[in-house]
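Let's take a walk through a protein model together.

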Amino acid sequence: MFDTMIWTKIVGGFCGAFLVFLLGGWAAQTIYGAEHGDHEQAYVIEVESDEVASGEVVEEGPPFADLLAVADAAAGEDTFGRACGGCHKIADGVNGTGPHLYGVVNRPVQAVADFDYSGALIAVNDVWTPESINAFITDPGSYADGTKMAYNGMRSAEDRANVVAYLATIGG
């Protein structure tokens with residue numbers, strides 16, 4: 001059906017295309033890669049002297065306690081459904097990807113017996129206070145290094161306060 005020359009051209013075409021992709025990847029890595037050697041920075045951007053330590057939560061605006069005092073639990077229910085409801089369930093004893101959050105406010109950390117926690121949370125705190133929930137959902141990876149919770153965090157302080165207010169109404 002095919003002679004040797006046709007097969008040679010087909011295999012050569014695939015090898016040539018693969019070589020072009022390899023060379024393109026190498027060129028892109030060379031141009032855009034993170035490793036650029038030990039070159040000095042072209043210019044320095046001055047920052048204010050009150051630098052924040054790595055992992056420290058910087059609050060802009062009113063303190064969390066003030067936001068929680070005026071939080072809207074109904075808005076928190078909506079935010080919970082969009083941001084948290086895919087992995088966490090509210091019903092007592094019904095776990096999702098994450099443990100159920102029935103009665104989570106002021107509940108001991110790792111209190112759900114049939115859920116396999118990562119162990120990172122118990123090193124950070126003992127009880128899920130409103131403040132610790134706020135800190136955790138701001139950036140779970142920074143709050144509890146090694147946590148299984150793969151969530152980038154909730155940036156809005158008002159949304160976090162609303163979610164905590166909503167959770168406080170469940171099983172409390």
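Which residues does Leu167 touch, not counting residues up to four places away in sequence? On that count, the contacts of Leu167 are Phe80, Ile90, Leu101, Val104 and Val105. Keep in mind that you're looking at a predicted model.

Now for some empty space. Rolling a probe the size of a water molecule over the atoms shows where such space is left. The largest pocket holds about 550 Å³ of it. Its lining is made of 26 residues, and His88, Gly98, Pro99, Phe136 and Met149 lie nearest the centre. What kinds of residues make up that lining? They split into 19 nonpolar, 5 polar and 2 charged. Helices α3 (73-83), α4 (130-138) and α6 (157-168) each supply at least two of the lining residues, and α4 has the largest share, with 3 residues.

Last stop: find the loop between α3 and α4, where His100 sits. Is His100 buried or exposed? Its relative accessible area is 7%, so His100 counts as buried, the cut-off being under 20%. Leaving out residues up to four places away in sequence, His100 touches Lys89, Ala91, Asp92, Gly93, Val94, Asn95, Arg107 and Val112.

Key
Residues are numbered from 1 along each chain as its sequence is written. This is a predicted model: local features need pLDDT of at least 70, side-chain atom pairs count only at pLDDT 80 or more; totals for chains, interfaces and linings use all residues. Side-chain values use heavy atoms; hydrogens and water are left out. On a 1 Å grid over the protein atoms alone, a cavity is a set of points where a 1.4 Å probe fits but cannot get out, and a pocket is an open set with protein on both sides within 12 Å along at least five of seven lines; lining residues have an atom within 4 Å of a point. Grid points are joined across faces, edges and corners, and a volume is the space filled by probe spheres set on the points. Helices (H or I, at least four residues) and strands (E, at least two) are DSSP runs, numbered from the N terminus. Ala, Val, Leu, Ile, Met, Phe, Trp, Tyr, Cys and Pro count as nonpolar, Asp, Glu, Lys and Arg as charged, and the others, Gly among them, as polar. Contact means heavy atoms within 4.5 Å. Buried means under 20% relative accessible area, exposed over 50%, partly exposed in between (1.4 Å probe, protein chains only).
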